[in-house]
Amino acid sequence: MAFDEQRFQAVVMQSLQITEKQFRRDLRLGDIDEWDSVAHLDLVASIEQAFAVRFRAEDIVEITSLEELRTRILASQTS
Amino acid sequence: MSSNSRRLYLLGDKTLSVIAKGLNGLLAAHGLPWEVVDLGYDTWLREIMDHSSRACREGDAALGFLLSPRILERPHAGRGDMARLLDRLSELAPARTVLCSNVFADPLRVQPLTQHRELTRAVAQINEDLYAFSEVNSWFHIVDHLGIATREGLRHIADPRYEAAAQMYFSPAGGRLVAQGWLRVLRALSRPSAKVLVVDLDNTLWRGILGEDGLNGLEMGPAGAGWPYHSLQKALLQLKSNGILLAACSKNNPEDALKALAEHPDCLLRPEDFAALEIGWEPKSQGIRKLATRLRLGIDSFVFLDDSAFERAEVRRALPEVTVIEFPDDPALLVTSLCDCPAFDSLRVTLEDRERSASYAAEARRDELQRVATSPEEFFRSLNMKLTLFRADTAQFERLHQLILKTNQFNLTTERLTPDEFRGMLDCQEKLVIGMRVADTLGDSGVVGLAIVNGVGSKSLTVSTFLLSCRVIGRTVENAFLSWLLSRADATGATEVHLKFHPTARNDVALEFLKRSGLRSSEDGLTWSTPVPPSSPGFAVHFVKIDDQVV
């Protein structure tokens with residue numbers, strides 16, 4: 001299944017409450033004020049809901065970049 | 001955050017940062033003047049026991065204890081800790097505004113079949129302690145976590161993965177639901193609750209259209225297709241017993257509608273359950289306006305329930321102040337829609353609330369007396385009004401504070417004191433807080449007036465709050481209240497009295513009163529003064545007997 005980048009971006013922007021301008025494909029936790037450790041938990045939960053995936057507890061803290069999020073989503077969709 | 005906002009320190013046994021952030025977002029979206037500050041992971045006992053902590057030191061901040069079922073895993077199932085918390089809160093003087101969640105059990109643990117009894121008992125005991133505490137401490141409010149968990153289900157609000165990852169008991173999704181529960185309590189603390197629910201009849205109160213299906217074709221019985229309407233009617237009776245007035249506004253022939261309400265065997269609501277009825281063919285917004293005039297209540301204290309999207313849109317457009325409930329697609333969800341509407345939320349139900357409907361029924365009889373009386377004087381005399389004035393104390397605190405929050409029309413300054421501010425005034429030497437009860441031959445209207453006098457003991461008294469419930473205005477009670485106040489000022493050695501006034505969109509009736517009172521207005525119109533004894537005659541009091549209990 002192709003990765004729905006558009007959807008992904010929308011969920012990230014909505015959860016972190018950032019604009020299209022602030023969005024970058026390679027954002028990492030801490031790069032912007034909006035993505036702090038509190039927002040991170042909400043972001044992970046929003047991604048879980050939008051892409052019907054469930055991360056492992058340790059992944060919830062270990063994932064620290066959008067790239068890692070994409071990889072984990074893809075892995076769960078192909079498995 | 002605006003400078004007028006009040007701070008709420010959030011304390012708990014687990015990580016609360018996600019909930020605190022979500023709650024701040026909700027508060028801002030609803031325009032509620034609160035700012036939530038998360039005091040960090042597992043701080044509930046530490047902060048409160050340490051007298052030098054932020055939570056203890058900053059006396060004007062409210063405290064919120066947001067607890068998880070994990071406190072039940074502490075020694076003695078957490079009951080000892082909870083007792084320590086409540087003891088400490090009683091000590092913190094002056095009493096603070098405190099919110100505290102009740103508890104629910106998390107049965108997702110080993111040996112669920114043998115441990116549930118013990119756990120359920122522990123939960124019931126802690127909650128009983130909390131309810132008992134809140135009943136005697138009007139500043140202590142419970143947030144119903146148990147209700148949220150029951151409605152939403154534990155697996156939906158808690159997620160062990162997030163607890164493992166971040167010590168959060170509530171998952172991000174669950175935290176949002178919890179934040180909604182806290183929002184409703186904070187909203188009820190800051191905004192008066194609605195007073196009237198206006199319901200449509202056809203396909204709202206019952207299934208069917210009276211004009212087409214006839215009385216016998218209407219369904220509202222406890223079984224079958226009438227069930228949603230039966231349930232709604234039961235919910236309305238419950239609202240009524242908590243002091244919400246019911247009114248009906250329906251496009252029907254008045255005689256037919258009245259007959260259906262009075263005679264349909266399954267109709268739980270009878271004509272006497274309604275404080276007023278507007279049955280006719282006018283636009284509903286007109287009907288609601290008339291109801292507001294008849295009940296002497298502001299349009300913004302009205303809530304409207306109607307199955308017709310057209311009528312809802314018409315009311316929304318003509319009367320944007322009215323809260324319009326979104327009617328569910330499926331009538332089976334009617335009671336759910338009603339429960340989801342926060343307009344009726346109130347943290348306390350006072351005796352006056354419970355008796356309000358009867359009081360409005362007496363009011364209708366007064367209107368009838370007035371109609372048949374040959375003169376206003378004859379009418380006032382026939383009422384045999386008695387006014388009881390008393391020094392406000394903690395016993396009447398809730399009702400008096402409710403008047404401060406709810407009175408819009410006959411309210412000279414509309415100063416919405418917080419519970420803490422108001423409580424502080426009761427023991428203040430320099431202030432006199434007077435409550436007023438009114439009764440007449442047709443019934444007891446209860447505590448319906450309040451004045452706050454400043455500068456007691458000096459020559460010059462300033463009245464910063466002077467208000468009367470709209471239920472009793474226009475019967476010369478307001479004149480008698482002011483006259484009494486001026487004679488008391490005279491008797492206690494004052495030489496002048498100043499009444500503060502602050503105009504609002506709603507208090508014209510208070511301004512008209514001042515203009516008739518014989519008091520002199522300052523140039524800006526914000527202070528109305530008189531020497532005592534007054535030089536101008538002021539109000540003569542003929543129709544009211546005064547029982548002065550102020551010592």
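Which hand does the crossing of H6(B) and H9(B) have? The model that answers this is predicted, and in this model the crossing of H6(B) and H9(B) is right-handed. The contact is made by His145(B), Ile148(B) and Glu152(B) on the H6(B) side, and by Leu177(B), Val178(B) and Gly181(B) on the H9(B) side. Sorted by kind, the residues of this contact are three nonpolar, two polar and one charged.

The geometry of the pair can be read from two values. Helix H6, residues 145-152 of chain B, packs against H9(B) at an angle of about 135°, and the two axes are 10 Å apart. An angle over 145 degrees would count as roughly antiparallel, and one from 65 to 115 as roughly perpendicular. H6(B) and H9(B) are therefore oblique to each other.

Next comes the interface between the chains. Here 12 residues of chain B are in contact with seven residues of chain A. On the chain B side, the elements that give two or more residues are helix H1 (17-29), helix H8 (160-166) and helix H9 (172-190). The largest share comes from H8(B), with five residues. By kind, this side of chain B has eight nonpolar, two polar and two charged residues.

The last stop is in chain A. Leu66(A) is found in helix H4, which covers residues 66-78 of chain A. Is Leu66(A) buried or exposed? Leu66(A) has 22 other C-beta atoms within 10 Å, so this residue is buried. Leaving aside neighbours within four places in sequence, Leu66(A) is in contact with Val12(A), Arg25(A), Asp26(A) and Leu27(A). Gln9(A) is 57 residues from Leu66(A) along the chain, and their C-alpha atoms are separated by 9.5 Å.

Key
Residues numbered from 1 in each chain as written. Chains lettered and ligands numbered in written order. Predicted model: local features only at pLDDT ≥ 70, side-chain atom pairs only at ≥ 80, totals over all residues. Contact = placed C-beta atoms within 7 Å. Helix = DSSP H or I, 4+ residues; strand = E, 2+ residues; numbered from the N terminus. Nonpolar A, V, L, I, M, F, W, Y, C, P; charged D, E, K, R; others polar. Axes fitted to C-alpha atoms, helices over the stretch in contact; angles between N-to-C directions. Parallel < 35°, antiparallel > 145°, perpendicular 65-115°, else oblique. Left-handed = near helix turned anticlockwise from the far one by under 90°. Buried ≥ 20, exposed ≤ 12 C-beta atoms within 10 Å, placed from the backbone.
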